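Here is my note on the model you asked me to look through.

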Amino acid sequence: MLVLISSSVFGQERARDGRDSKPVFREVSNKEVVQSVYQDAAKVEKVNNYWFRILNSDNKTIGFAMSSATFCPNVKGYNDVTPVMILTDRNWVIKKVALLSNSETLGFVRKLERKGFFDSWVGKTLKEAKTVHVDAHTGATFTALAVSKNVDFLLKNGITKLPKAK
């Protein structure tokens with residue numbers, strides 16, 4: 001009887017922390033990520049392999065973005081790939097780091113958000129952000145490490161291909 005009860009409790013614990021349940025894919029709109037920082041964004045245009053220019057309705061550059069989605073297919077968190085988008089202003093100061101469409105456990109992602117993990121790079125220039133070393137937060141270690149690898153990749157490679165501000 002004790003074995004039956006303990007295996008039932010253990011099974012519930014595993015299901016509650018997401019390890020026994022199937023990953024759920026969450027679609028994240030690139031447009032919504034951009035507009036969460038630049039509400040007046042009217043258009044996004046590709047500049048080069050790394051960078052996108054964010055334009056307002058007057059066709060003036062208001063910021064820039066880059067995404068790791070096509071570059072880091074082998075960087076996986078707990079469940080699968082963890083692509084990120086980095087948004088900057090015209091002076092290359094990071095305004096936001098956001099996790100794009102993914103299958104990570106939502107509770108772990110929210111825990112990282114509450115702890116300010118994604119804000120670790122915000123307010124820093126691209127050069128300053130390259131020196132940021134973030135902690136792998138307990139309970140979301142795989143996700144945190146994968147996001148960090150995506151950010152590091154973009155910072156290392158994107159900084160060599162900076163577009164000209166219009």
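1. A word on pairing before we start: two strands count as paired if DSSP finds at least two bridges between them. Helices (H or I, at least four residues) and strands (E, at least two) are DSSP runs, numbered from the N terminus. With that in hand, β4 and β5 pair in the antiparallel sense over 5 bridges, and Thr88 has Ile94 in β5 as its bridge partner.

2. Please keep in mind that this is a predicted model, where local features need pLDDT of at least 70, side-chain atom pairs count only at pLDDT 80 or more, and totals for chains, interfaces and linings use all residues. Residues are numbered from 1 along each chain as its sequence is written, and side-chain values use heavy atoms, with hydrogens and water left out.

3. On confidence: pLDDT is the predictor's confidence in each residue, from 0 to 100. The average for the protein is 87, and 84% of the residues score at least 70. Over residues 1-16 the pLDDT is below 50, and this stretch has 5 contacts in the model beyond near neighbours in sequence. Contact here means heavy atoms within 4.5 Å.

4. The protein has 5 helices and 5 strands, and along the sequence they give the pattern α-α-β-β-β-β-β-α-α-α. Among contacts with a separation of 6 or more, 58% come from residues 24 or more positions apart.

5. Now the sheet. It is open, has 5 strands in the order β1-β2-β3-β4-β5, and its pairing is antiparallel. β1 (43-46) and β5 are the edge strands, each pairing on one side only. From one strand to the next, the twist averages 25 degrees. For such angles, axes are lines fitted to C-alpha atoms, for helices over the stretch in contact, and the angles run from 0 to 180 degrees between N-to-C directions.

6. At the β1 end, β1 and β2 form a hairpin with 4 residues between them. These two strands run antiparallel and are joined by 4 bridges. Glu45 stands opposite Arg53 in β2.

7. Which strands does α5 lie across? They are β2, β3, β4 and β5, and α5 runs at about 50 degrees to β4.

8. Buried means under 20% relative accessible area, exposed over 50%, and partly exposed in between (1.4 Å probe, protein chains only). Of the 166 residues of the protein, 38% count as buried.

9. A nonpolar core is a set of buried Ala, Val, Leu, Ile, Met, Phe, Trp, Tyr and Cys residues joined through side-chain atoms within 4.5 Å. The largest one has 25 residues, of which Ile86, Ile94, Phe118, Trp121, Val151 and Leu155 touch the most other members. At least two residues each come from β3 (61-67), β4 (84-88), β5 (94-99), α3 (106-114), α4 (126-129) and α5 (141-158), and α5 gives the largest share, 5 residues. Leaving aside residues up to four places away in sequence, Val151 touches Val84, Ile86, Val97 and Trp121. A second, separate core of 12 residues includes Val33, Val34, Ala41 and Met85.

10. Thr82 deserves a look. Thr82 lies in the loop between β3 and β4 and counts as buried because its relative accessibility is 0%. Its contacts, not counting residues up to four places away in sequence, include Val75, Leu99 and Glu104, as well as Ala146, Val147 and Asn150.

11. Lastly, two backbone points to check. Most residues other than glycine have a negative phi. Asn59, in the loop between β2 and β3, has a positive phi of about 65 degrees and is partly exposed at 46% relative accessible area. Trp92, in the loop between β4 and β5, has a positive phi of about 70 degrees and is buried at 16%.
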